[in-house]
2 protein chains.
Amino acid sequence: MEYRQLTPASPHANRQFFYKVLAGLLFMLALVQLSTAVVSFGLQDKVFWQFLISAVITALTAAILQGKSGPAAQIKKRYLFLLTTLCWLLLCFFAAIPLYLSLPEISLTDAWFETVSAVTTTGSTVLSNLEQLPKGVLFWRAMLQWIGGIGIIVMAIAILPVLKIGGMKLFKTENSDISEKILPRSSSLSSSILLVYLLLTALAMSSYYLGGMSGFDAVTHGMTSVATGGFANYDASFGFFNDKPWLLWLSSLWMFLAALPFVLYVGMLRGDRWILIKDPQVRAFCWVIAITVIWLTLYQHWHNERDWFSALTHSLFNVISVVTTCGYASEDYTLWGNFAFVLFFYLTFSGGCSGSTSGGLKVFRTQLASFLLLKQLKILIHPKAVWTQRYGSKKVDDELLGAVLAFCFIYFATIAALAMVLAMYELDFVTALSSAATAVSNVGPGLGDTVGPAGNFASLPNGAKWWLSVGMLAGRLEILTLLLLFSPMYWRN
Amino acid sequence: MEYRQLTPASPHANRQFFYKVLAGLLFMLALVQLSTAVVSFGLQDKVFWQFLISAVITALTAAILQGKSGPAAQIKKRYLFLLTTLCWLLLCFFAAIPLYLSLPEISLTDAWFETVSAVTTTGSTVLSNLEQLPKGVLFWRAMLQWIGGIGIIVMAIAILPVLKIGGMKLFKTENSDISEKILPRSSSLSSSILLVYLLLTALAMSSYYLGGMSGFDAVTHGMTSVATGGFANYDASFGFFNDKPWLLWLSSLWMFLAALPFVLYVGMLRGDRWILIKDPQVRAFCWVIAITVIWLTLYQHWHNERDWFSALTHSLFNVISVVTTCGYASEDYTLWGNFAFVLFFYLTFSGGCSGSTSGGLKVFRTQLASFLLLKQLKILIHPKAVWTQRYGSKKVDDELLGAVLAFCFIYFATIAALAMVLAMYELDFVTALSSAATAVSNVGPGLGDTVGPAGNFASLPNGAKWWLSVGMLAGRLEILTLLLLFSPMYWRN
Ligand SMILES: [K+]
Ligand SMILES: [K+]
């Protein structure tokens, strides 16, 4: 993505630019639909035509938009909020078409829910008997998560820091912002990151294949692992591979790596070998995982009398899966005991590092919130003390802390509001609260019998599914992007 | 409480001053124990001696402390944190003695839990068959809540603003702070507030008596209503009076009035007639109640097919009871439906206004947190806009917002941590989460079968009861006061 500062902004130029970006996006989607059609043709699964038709529809729409578009123009920063949201919405809409066409019994609601869940890399599913589905559909779900994954990283690196959402300006690099009024010239960074993403995916796929998965499973699970999406090809989720425990360890590795900041990989490739280990966010993330896994392993060994290896494997896999917001499950961890139940509820909010494919609050926000707490304690004792705090190489100022705290506040408020709406659709307390949390954090599984790791979102009322899809999109857009569009302030002038 | 700046501070003088304050507190408690003994003698309920013995023990301890105390001295502000915490702990300890002596079958844990629950005006109970208990014990529980209530107001008006905890500096008045290093000269304000408290209590008692309660019930429920404590004399809580619905309306009124800022009543008495209506916190509190009650009434009428009057009465009573953190229940509102269940969970956190007897987050903190959110939205659109916000007559600065947000953060973190500890004692998700919330917010009833409005805390494991009592005290001390004492920073120098 390279946009130069060419012509001055006008309402007309803005609209033309919107069309250009959206057309580009849809052309790409049409290409993916076409390649899925080819895969489907190769696998003889009888959904070839559905994908071909979808590709044609998408490409035609893209062509129409392209016809209305003009040259790249200077665009006001505030229009980026609208443009970003439109990109995700349009992507979901056209991505839902092949799903709706391929599965004769699927409702419009379910096709939309499943697609949004895929594109936002949430991974909650309304489909069951996954083993019986056409292979092309399974490939499509995985592909959507994989595309969603790269979209999220690019958004987190190139767009969100410019928009300064929820403390994201902390991650503003020289690449991500030149003037406030033009889109980032992040083309070289973006292509490096794409390379890392491709590399990770290829490694994950190969390792799965060598570990004993079928070629098809290796490809799809490779994509959904690195995208921290969490769609599996089996109703038992990743638990299908429990007889090959090394696959769980491999998958833990790939999910973990996908939840680290991708810019740091680029930094490593450019020669700064220790950049990952020096990063405060990565270090905190490792600590969170280590402590939680050790604690849970001990709990499982003593409380559930499980052997050490099995306790460690499943603790590690499921903790990493939830904390990276991937959302695979190797078994129903909510049955491990009340402590595990509460722990996994909390992990749902955490999320991985910023600038990765994972969702949730992100580790750096929890860290900065703790800084503020320490600062407050210090001020209570020494009211006149001057307080300075660094985060890595950057100075943490009050403005940044305010933005982070406000984000945390709106994050929990969104989940609370969504849970209340879901409760009006007669979802019980645990289901309402956990499915709201899992949607906004883009994790996938909730808690309880209905939406837990052994459950399925199919039985929820249609209204609840629509609201959950709003929650997933809001979470993916870091909430404020979406919320802003509903404020009258935004549309003034 | 009037303390003058007399002698310079020394470690010795500090200790002497501590003894003086604690001795005064225990003398007062001994007096209350003695008067309860008198009441018990009058009611012939056979716990006269137990209360008399307790009074003697408390008075003797007070005398010993008094002997060690010196003249009022200049005391460093930071020692106030320790002194405040010690006051509450000592009060609970000596208040637990008569309970332990009077009830032959009560365990030490239960006596401590019930006392802490009383003094912090939480109102969670481990006692059942309340109707069978000696009247003196019921009187004692109500009396403790009533004392706790006045203690909380005095703390919120005279001490917390000086300590600047969680944005409380917003409520600093010319009375509450002269120098950073002396205790507030708030004697005239304090006595006015005591007057208002006595007046409200007397009005509540009279109205209950005229409404048809027995004299004893009117006195005790009058005290626990105005203290927003929530202890009732019956296992059915306030539901015992459901056949006299006007009592529920009266009780709603007294709980509501007790959750307003008491300084404003003093302002009214001093001539500023409209001060209550002009106050931003009071207005927001009224809106919260009005909207919630209307919504819940409609829900009960349509969803549960309840007649309008009964739907309104019970919605109003239970919403006000939870939102003021009183914690009476007229019936098991968790059975009203999933929407009500989630709603009452949220209401548990809200709390009433600052400077009242209620607990929880307090309305002004929710308001200021929303200000920060609006500010963030504005900044996203107009990055260079200068943002000013007033709260009532005071200007809201970034420092204040930071303090409030940090408080909210630590508040929820405390509840989350407590819930996790409780889950380790094998409390299920709903019980762990809701009892942690209800303890820290000092509400009383939780959710679910065990600790819900129809349940009882007796069946919880002992460890959980001790942790919950820590939570109640932490909530009452606005958390930071207690947390600070556990930070190494506090004890340095
Ligand atoms: K996911
Ligand atoms: K209470």
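A residue counts as buried when its relative accessible area is under 20%. B:Cys326 has a relative accessible area of 0%, so B:Cys326 is buried. The model in which this value was computed is a predicted one.

## The potassium sites

Potassium ion (ligand 1) is held by atoms of chain A. Its protein donors are A:Thr121 (O), A:Thr122 (O), A:Thr228 (O), A:Gly229 (O), A:Thr325 (O), A:Cys326 (O), A:Asn442 (O) and A:Val443 (O), and they lie 2.3 to 3.0 Å from the ion. Along the chain, these donors follow the spacing T-T-x105-T-G-x95-T-C-x115-N-V. A:Gly229 sits in the loop between helix 7 (215-226) and helix 8 (245-258) of chain A, while A:Thr325 sits in the loop between helix 12 (308-323) and helix 13 (338-350) of chain A, so this pair ties together parts that are 96 residues apart in sequence. A:Gly229 is buried, because its relative accessibility is 0%. A:Thr325 is buried as well, with a relative accessible area of 0%.

B:Thr325 is found in the loop between helix 12 and helix 13 of chain B. Its relative accessible area is 0%, so B:Thr325 is buried. The phi angle of B:Thr325 is near 60°, which is a positive value in a residue other than glycine.

## Two helix pairs in chain B

Helix 12 of chain B packs against helix 11 and against helix 8. The table gives the values for each pair.

| Helix pair in chain B | Angle | Distance between axes |
|---|---|---|
| Helix 11 (residues 280-303) and helix 12 (residues 308-323) | about 140° | 8 Å |
| Helix 8 (residues 245-258) and helix 12 | about 30° | 9 Å |

Helix 11 and helix 12 of chain B pack at an angle of about 140°. That makes helix 11 of chain B oblique to helix 12 of chain B. Helix 11 of chain B passes helix 12 of chain B in a right-handed crossing. Among the residues that make the contact are B:Phe285, B:Val288 and B:Ile289 of helix 11 of chain B, and B:Trp308, B:Ala311 and B:Leu312 of helix 12 of chain B. By class, the residues of this contact are 13 nonpolar, 6 polar and no charged.

Helix 8 and helix 12 of chain B pack at an angle of about 30°. An angle under 35 degrees counts as roughly parallel, and helix 8 and helix 12 of chain B are therefore roughly parallel to each other. The crossing of these two helices is left-handed. Their contact includes B:Pro245, B:Leu248 and B:Trp249 of helix 8 of chain B, together with B:Phe309, B:Leu312 and B:Thr313 of helix 12 of chain B. This contact has 10 nonpolar, 5 polar and no charged residues.

B:Gly355 has its place in the loop between helix 13 (338-350) and helix 14 (363-381) of chain B. B:Gly355 counts as buried, because its relative accessibility is 7%. B:Gly355 and B:Ala259 are 96 residues apart along the chain, and their C-alpha atoms are separated by 8.3 Å. Leaving aside neighbours within four places in sequence, B:Gly355 is in contact with B:Ile153, B:Ala156, B:Ile157, B:Leu260, B:Pro261 and B:Phe262.

Is B:Phe339 buried or exposed? B:Phe339 is buried, with a relative accessible area of 0%. This residue lies in helix 13 of chain B. Not counting residues up to four places away in sequence, B:Phe339 touches A:Met420, A:Ala423 and A:Met424 of chain A, and B:Trp295, B:Leu296 and B:Tyr299 of chain B. B:Phe339 and B:Asn318 are 21 residues apart in sequence and 14 Å apart in space, C-alpha to C-alpha.

B:Ser237 lies in the loop between helix 7 (215-226) and helix 8 of chain B. B:Ser237 has a positive phi of about 55°, although it is not a glycine. At 12% relative accessibility, B:Ser237 counts as buried.

Terms used. Residues numbered from 1 in each chain as written. Chains lettered and ligands numbered in written order. Predicted model: local features only at pLDDT ≥ 70, side-chain atom pairs only at ≥ 80, totals over all residues. Heavy atoms only, no water. Donors = N, O, S within 2.8 Å, 3.2 Å for Na, K, Ca; no water. Helix = DSSP H or I, 4+ residues; strand = E, 2+ residues; numbered from the N terminus. Buried < 20%, exposed > 50% of the residue type's maximum accessible area, 1.4 Å probe, protein only. Axes fitted to C-alpha atoms, helices over the stretch in contact; angles between N-to-C directions. Parallel < 35°, antiparallel > 145°, perpendicular 65-115°, else oblique. Left-handed = near helix turned anticlockwise from the far one by under 90°. Contact = heavy atoms within 4.5 Å. Nonpolar A, V, L, I, M, F, W, Y, C, P; charged D, E, K, R; others polar.
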